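Here is a short walk through a protein model. Keep the structure open and follow along.

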Protein chains: 2
Amino acid sequence: MSIRIGIMGYGNLGRGIECAVKQNDDMELAAVFTRRDPSTLSILTEGVPVYSADEAEAHKDEIDVLILCGGSATDLPKQTREYVKYFNVVDSFDTHAKIPEHFAAVDEVANASGKIGIISVGWDPGMFSLNRLYANAILPNGMDYTFWGKGVSQGHSDAIRRVEGVLNGKQYTIPVEAALEAVRSGENPDLTTRQKHTRECFVVAAEGADKAKIEAEIKNMPNYFADYDTTVHFITEEELEREHGGIPHGGFVIRSGKTGWNEENSHVIEYSLKLDSNPEFTASVIAAYARAAYKLNKEGVSGCKTAFDIAPAYLSKLSGEEIRAHLL
Amino acid sequence: MSIRIGIMGYGNLGRGIECAVKQNDDMELAAVFTRRDPSTLSILTEGVPVYSADEAEAHKDEIDVLILCGGSATDLPKQTREYVKYFNVVDSFDTHAKIPEHFAAVDEVANASGKIGIISVGWDPGMFSLNRLYANAILPNGMDYTFWGKGVSQGHSDAIRRVEGVLNGKQYTIPVEAALEAVRSGENPDLTTRQKHTRECFVVAAEGADKAKIEAEIKNMPNYFADYDTTVHFITEEELEREHGGIPHGGFVIRSGKTGWNEENSHVIEYSLKLDSNPEFTASVIAAYARAAYKLNKEGVSGCKTAFDIAPAYLSKLSGEEIRAHLL
């Protein structure tokens, strides 16, 4: 019997989950829930019902794991603790500073309901976090570095679009190659914000807008751009759609450390991702953790969990014998 | 109270464990066991007793985790199942094909004794295996690639030294950059053995030896060199010691895969290691899993485990709250 997946929220991430479920032959899509009028929503999978989010509880016996595809700012802080009353859930809550609070709230409800809630799943937090943990445990005497990109930052793209005279825009975060090389050499450099990443903006300006003013306003924007070397390109809406329509992302987690009686030997552990589609990759990680949620709850495990708490074998559809024989 | 570590076998790996224990302030070295005459062995840590391997059982109450530093060919198949009768143990058994058999033997004894035996810990098998498992679970539609090096292969160095007229030698396994780039591009190439790695040999020949004959014999050696582009350099013993005295290693585990409704998006997950000292890094991984063995056994867990079976949080000396706050 396959794992029956429900999707709560049908945006980029929800569609990514739908695609991931199609690739995992031990899973099936059981239902999609939306806050829009369900009759207006057309999904990719044939024969799967679309319900109003309000009706979710009524379908709890039809779903093994409900994947919450809302945003971290306002949706997930409410949704995860609400739905874990009735469902095993997985979310991608990514507001790093608020994870402890989110964990505690979800844990309390999940322990009471006997369900499992896996939070903060994706690549950062998620796979990057795992690599930070493993590398820190292996090399206690070392330094961590995280670089993001090359990829589209939604928050910075939004910031550009709020500038007066800007019709549309997209921002790429780009790691500085020289900084990456310095880290890989094992010399444990201290790097400023400016030394680690540059920002490249593609901007569609309104007709007659003052481009020099727009450029200055972007480059001097505090928090978002002022601490970075920022490049601004003005292009047409057509060019923006044609050349910058994707949502690529990725990055690097590197730890370098010393071992030996006199710390005479250097080691570098590097994990990197190069992703054509940020939401589809995030969804693929979530699908694997949905399998883990299903298997763990079958074993009687409940409560809030993160990637740190889940043995890797639970992510695989293969048996213990198979993974030892083929992947170890 | 710190975790009391015992070391069984004091070669390169055993010394690496000793160094790793020094770096982990929640561990202490309790004893070293050797098959040599203990009085002839001088270890780095002051005040720690060296005992004969035969006496190990008598010291079982002084040790929380015994780390088995023997070889995979003949030592570990006997030692792990023997010592897990009395100790929680960790080994680095790396004969991939015999892991299922080793697992079954250790599991039976460990379940009976109530101890935990973590096998095949290190970087391959070990961290590379983990990365294969995670990447396969995330991208079910994809291909795996493992490259080793640049690093010293002990087995190939031994093979060189068995050639007539050779006094000493060292072999480096080197991944082919063009193959790495093809894999990173996401084009899922089919690569032959020869396309993936080259082999570089540094050889000290006996005076008057026929160098052309040695070179031909090495290059045509079946299994070891015949399937690779191999380079042979003749150097002096002094140069070998000065330039090639280290035991560096490393490698790359890469999975590329497709997502999307029509598999229109490519993703590349890459994990790489660059290690000055193969045995010290292996020892550092083992030390982290020794912590996991200790914590799991305290919780009542017994039996044989691999890295696949152990939730990442067990490797860290930090609490769940701390890792969620700082590493997630």
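This is a predicted model: local features need pLDDT of at least 70, side-chain atom pairs count only at pLDDT 80 or more; totals for chains, interfaces and linings use all residues.

**Aromatic pairs, contact and backbone**

Over all chains, a search of the whole structure finds 11 aromatic pairs. One of them is formed by Phe33(A) and Tyr51(A), with ring centres 5.7 Å apart. Their planes meet at 35 degrees, so the pair is tilted. Planes have to be under 30 degrees apart to count as stacked and over 60 to count as edge-to-face. Phe33(A) sits in strand E2, residues 27-34 of chain A. Tyr51(A) sits in strand E3, residues 50-52 of chain A.

Now turn to where the two chains meet. Chain A puts 70 residues into the contact, and chain B puts in 70 residues. Between them the chains bury about 6,100 Å². Carbon and sulfur atoms account for 63% of that area.

Which parts of chain B supply at least two residues each to the side that touches chain A? Two strands do, E12 (249-259) and E13 (265-275). So do the helices H1 (12-23), H3 (99-113), H4 (127-138), H10 (278-298) and H11 (320-326). E13(B) gives the most, with 11 residues. By type, the residues on this side of chain B divide into 35 nonpolar, 20 polar and 15 charged.

What about polar links across the contact? There are 29 residue pairs in polar contact between chain B and chain A, counting pairs with both residues at pLDDT 80 or more. The count of salt bridges between the two chains is zero.

E13 of chain A, residues 265-275, is joined to E13(B) by nine bridges. The two strands run antiparallel. Within this pairing, Glu270(A) stands opposite Ser272(B) in E13(B).

Salt bridges do occur elsewhere: the count over all chains comes to 30. Glu270(B) forms one with Arg184(B). The closest N and O atoms of that pair are 2.8 Å apart. Glu270(B) lies in strand E13 of chain B, while Arg184(B) lies in helix H6, residues 177-184 of chain B. The pair therefore ties together parts that are 86 residues apart in sequence.

Lys150(A) lies in the loop between strand E7 (142-148) and strand E8 (151-152) of chain A. Another joins Asp124(B) and Pro125(B), where omega is about 5 degrees. Pro125(B) is placed in the loop between strand E6 (116-118) and H4 of chain B.

Chain A has a point to check in the loop between strand E6 (116-118) and helix H4 (127-138), where Ser120(A) is found. Phi of Ser120(A) is near 60 degrees, a positive value in a residue other than glycine.

Conventions
Residues are numbered from 1 along each chain as its sequence is written. Chains are lettered from A and ligands numbered from 1 in the order in which they are written. Side-chain values use heavy atoms; hydrogens and water are left out. Contact means heavy atoms within 4.5 Å. Buried area is the accessible area (1.4 Å probe) that two parts lose on being put together, summed over both. A salt bridge is a side-chain nitrogen of Lys or Arg within 4 Å of a carboxyl oxygen of Asp or Glu. A polar contact is a pair of N or O atoms within 3.5 Å; within protein, one must be able to donate a hydrogen and the other to accept it, and residues adjacent in sequence count only if both atoms are side-chain atoms. Helices (H or I, at least four residues) and strands (E, at least two) are DSSP runs, numbered from the N terminus. Ala, Val, Leu, Ile, Met, Phe, Trp, Tyr, Cys and Pro count as nonpolar, Asp, Glu, Lys and Arg as charged, and the others, Gly among them, as polar. Two strands pair if DSSP finds at least two bridges between them. Rings of Phe, Tyr and Trp (its six-membered ring) pair if their centres lie within 6.5 Å; planes under 30 degrees apart count as stacked, over 60 as edge-to-face and the rest as tilted.
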